Amino acid sequence: MASSCKSLILLQLFSIVLFFSQTHLLVTAAKDSGQANTNFVKTKCKITTYPSLCLKTLIPYASSVNANSTKLCKEALNVATKGARDASTIVLNLKKQKGIKRYEAAAIKDCIEDVKDAVYELKRAVDAMGHLGDKDKAFQLANAKTYASAAITDADSCTGGLTDQGKVNPKVMDAINRSMAVVIKLSSIALSLINHI
């Protein structure tokens, strides 16, 4: 009886040791996988036009991207879309401010349309990236590039339209320029990543 009791205790101890060693291996593997995913994003961000902004915005998605270039491009486009939506809100709020002149309101209205177009183009780019598994992969990839590039043009048109007005309040102009710069940079990052698939 004492012998079987010792055997049972030894078996339980062995099971516990085995459990902890397997858990340690799983944790180590997860850390290694996480580091590999992070390194993948770091490497990809180096080829973009704004590597530090790329890292800042895309490192949080490293594990979900799982070292997949297409997924990384889609996340970059989603980040750019969110940036464009945020910029749209900023510009819309500027239009509602007291003291905005009629010509400023007209320029801001045009800018809002440009930013809405940028959001639309970025959504289309995400959709095109979702069809890369189709027979027309090259066509879909070209579409994604075109849409991302169009988003950059839309944001640039917004700031250009304000400059053309000439008399827009400098504070309003600065707020819009800063928000459009974010849209342009985030869209450029996405485009750089798409160009390197």
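This report describes the helices, nonpolar core and cavity of a predicted protein model.

Residues are numbered from 1 along each chain as its sequence is written. Because the model is predicted, local features need pLDDT of at least 70 and side-chain atom pairs count only at pLDDT 80 or more, while totals for chains, interfaces and linings use all residues; side-chain values use heavy atoms, with hydrogens and water left out.

**Overall make-up**

The protein has seven helices and zero strands, in the order α-α-α-α-α-α-α from the N terminus. Helices (H or I, at least four residues) and strands (E, at least two) are DSSP runs, numbered from the N terminus. Of the 197 residues, 37% are buried; buried means under 20% relative accessible area, exposed over 50%, and partly exposed in between (1.4 Å probe, protein chains only). Among contacts (heavy atoms within 4.5 Å) between residues at least 6 apart in sequence, 70% join residues at least 24 apart.

**Nonpolar core**

A nonpolar core is a set of buried Ala, Val, Leu, Ile, Met, Phe, Trp, Tyr and Cys residues joined through side-chain atoms within 4.5 Å. The largest one has 54 residues, and Leu-58, Leu-77, Ile-108, Met-129, Ile-176, Met-180 and Ile-194 have the most contacts inside it. Helix 7 gives the most to this core, with 13 residues. Apart from neighbours within four places in sequence, Met-180 touches Ala-87, Val-91, Cys-111, Val-115, Ala-155, Cys-158 and Thr-159.

**Helix 2**

In helix 2 (residues 51-58), the buried residues are Cys-54, Thr-57 and Leu-58. They lie on the same side of helix 2 because they cover an arc of only 85° around the axis, the arc being that of the directions from the helix axis to the C-beta atoms. Exposed Ser-52 and Lys-56 sit on the face turned away from the buried side.

**Cavity**

On a 1 Å grid over the protein atoms alone, a cavity is a set of points where a 1.4 Å probe fits but cannot get out, and lining residues have an atom within 4 Å of a point. Grid points are joined across faces, edges and corners, and a volume is the space filled by probe spheres set on the points. The structure holds one cavity of 30 Å³ or more.

| Feature of the largest cavity | Value |
|---|---|
| Volume | About 40 Å³ |
| Lining residues | Lys-44, Ile-47, Ser-69, Leu-72, Cys-73, Leu-193, His-196 and Ile-197 |
| Lining by class | five nonpolar, two polar and one charged residues |
| Element giving the most | Helix 4 (residues 69-95), three residues |

For these classes, Ala, Val, Leu, Ile, Met, Phe, Trp, Tyr, Cys and Pro count as nonpolar, Asp, Glu, Lys and Arg as charged, and the others, Gly among them, as polar.

Definitions and conventions
1 Å grid on protein atoms, 1.4 Å probe; cavity = no way out; pocket = protein on both sides within 12 Å on 5 of 7 lines; lining within 4 Å.
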